[in-house]
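Student: Could you take me through one part of this structure up close? I would like to follow how a few side chains meet, step by step.

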Amino acid sequence: MIFFLLGNFPLHIIKNTSPRYNGRVRNLCFFILISLISFKTYAIGFEDGIYPELITSARGLAMGNAFISKVDDSNSAFYNPAGLGTVRNSHFHLFNVHLETNDDFLEVAGDGSGADSVASNLGKSFKMDGLRQLLVNNKGKMTHSRVHTFPNLTFRFFTVGYMVSKRTRTTIEDTVGAQFEYADRFDHGPVLAANFSLWGGVFKLGATATFLNRTEAIGTAPADRTFELADEQYNKGHMAHITAGAKLTLPIALLPTLSGTLRNAGGTGFTHDGGPEAPGKIRQTADVGFSLTPYLGKNSRFHMEVNMKDTGNQYESAAKRRVCVGAELDIVRTLFFRGGYGDSFGSAGLGLRVKGVELDITTYAVDTSTATFRGKEDRRYVFSLSAGF
């Protein structure tokens with residue numbers, strides 16, 4: 001198409017002008033051609049179509065992120081606010097932290113010999129230019145890190161808290177002339193969620209309002225030059241993000257449950273608060289789910305769930321990638337074994353619940369390719385600890 005347009009350029013205009021002007025026009029055409037050919041969207045980004053939650057749950061990730069029917073804690077505010085109707089124990093958790101990284105981050109940060117070298121690399125891994133330096137010697141790797149916290153006060157039918165989330169991904173492809181690619185996002189804001197139950201809890205409706213403040217930068221830079229992102233280079237904005245959810249649980253054996261969640265229900269975008277432009281709009285997506293929960297004994301339950309993420313395919317990803325399947329074995333509501341399948345890869349996790357303390361260890365993976373199924377696996381590890389009373 002580009003060559004067709006240039007081929008039909010009215011060349012008589014050039015022929016009837018001075019040689020000096022002709023040269024300028026040819027140079028301009030050449031520049032436009034090269035620019036159009038080289039233009040592309042950034043290969044790096046975040047998996048908002050598959051894992052669209054502002055705050056993720058280590059428990060949900062262990063279940064392949066098939067969690068909108070099962071969620072029954074403060075994370076209901078982000079997965080399905082209708083789940084607040086099944087909260088068993090009220091709590092006030094001031095300490096609530098989620099730490100996450102991936103194989104490539106651990107390999108890059110641990111590259112080197114001796115404790116001093118590893119310590120130096122670890123220090124670099126918390127800075128954008130430090131990651132660039134490490135990736136220059138580890139091309140083809142893609143680092144991922146996420147830290148978030150959600151201190152909250154949660155009762156049955158209601159939760160209020162404040163979310164803070166930081167995510168960073170970086171890479172330098174293993175090709176000649178590859179650039180340093182980065183995606184850096186910081187979210188924070190107050191969260192309020194409520195649930196309303198009908199017919200003795202058979203049908204539940206819920207909604208979450210998050211006053212979301214986002215600072216985000218996604219781009220590229222030369223791999224061989226010192227790089228730091230200035231504050232004015234970040235896109236900044238705020239919005240009222242609404243999540244709506246519903247659950248229908250039939251009061252019969254196996255407790256079959258149908259669930260649905262609508263994200264960014266208001267369809268709003270970010271107000272521009274600074275930087276080159278407002279952060280990209282959060283697309284309105286709908287998730288649906290079905291689950292069964294058979295009792296295995298007096299003190300044990302087994303939960304099975306399947307979800308379909310982004311049913312309208314707003315993020316244009318393969319249907320196989322948007323199907324999530326998960327299971328959880330609950331022993332005395334204290335020890336939990338979990339497994340699942342999400343974004344075409346397996347996941348697993350272990351959870352422990354004692355009074356006032358919740359501990360979860362999880363591994364899951366995402367597909368870093370865009371057009372294929374089961375392309376390059378990005379294996380991740382999560383440690384989550386919440387404590388309070």
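Tutor: Happy to! Glu328 and Lys70 form a salt bridge, with 4.0 Å between their closest N and O atoms. Glu328 belongs to strand 13 (residues 323–331), while Lys70 is in the loop between helix 4 and helix 5 (76–79), so this pair ties together parts that are 258 residues apart in sequence. Glu328 counts as buried, at 1% relative accessibility, and Lys70 counts as buried too, at 8%. Please keep in mind that this is a predicted model.

Now let's move to strand 5 and its partners. Lys166 forms a salt bridge with Asp184, and their closest N and O atoms are 2.6 Å apart. Since Lys166 lies in strand 5 and Asp184 in strand 6, the pair ties together parts that are 18 residues apart in sequence.

Strand 5 has another charged residue to look at, Arg167. The side chains of Asp48 and Arg167 meet in a salt bridge, 3.9 Å from N to O. Asp48 sits in the loop between helix 3 (19–38) and helix 4 (58–62), and Arg167 is in strand 5, so here the linked parts are 119 residues apart in sequence. Asp48 counts as buried at 17% relative accessibility, because the cut-off for buried is under 20%. Arg167 counts as buried as well, at 6%. Both residues belong to a network of salt bridges, whose members include Glu47, Arg169 and Arg185. The structure holds 31 salt bridges.

Next, follow strand 6 to Phe180. Its bridge partners are Ile172 and, in strand 7, Ala221. Strand 6 and strand 7 pair in the antiparallel sense over 17 bridges. Four residues lie between these strands in their hairpin, where Trp199 takes a positive phi near 55°.

What do the aromatic rings around Phe180 do? Phe180, Tyr182 and Phe227 form one aromatic cluster. A search of the whole structure finds eight aromatic pairs. For Phe180 and Tyr182, the ring centres are 6.1 Å apart and the planes are at 35°, so this pair is tilted. Phe180 and Phe227 form an edge-to-face pair, with 5.7 Å centre to centre and 65° between the planes. Phe180 lies in strand 6 (residues 180–198) and Phe227 in the loop between strand 7 (203–221) and strand 8 (235–249), so the pair ties together parts that are 47 residues apart in sequence. Phe180 is buried, with a relative accessible area of 0%, and Phe227 is buried at 10%. Tyr182 is buried too.

Finally, let's step back to the whole protein. Of its 389 residues, 47% count as buried. Among contacts between residues at least 6 apart in sequence, 62% join residues at least 24 apart.

Technical notes
Residues are numbered from 1 along each chain as its sequence is written. This is a predicted model: local features need pLDDT of at least 70, side-chain atom pairs count only at pLDDT 80 or more; totals for chains, interfaces and linings use all residues. Side-chain values use heavy atoms; hydrogens and water are left out. Rings of Phe, Tyr and Trp (its six-membered ring) pair if their centres lie within 6.5 Å; planes under 30 degrees apart count as stacked, over 60 as edge-to-face and the rest as tilted. Buried means under 20% relative accessible area, exposed over 50%, partly exposed in between (1.4 Å probe, protein chains only). Helices (H or I, at least four residues) and strands (E, at least two) are DSSP runs, numbered from the N terminus. Two strands pair if DSSP finds at least two bridges between them. Contact means heavy atoms within 4.5 Å.
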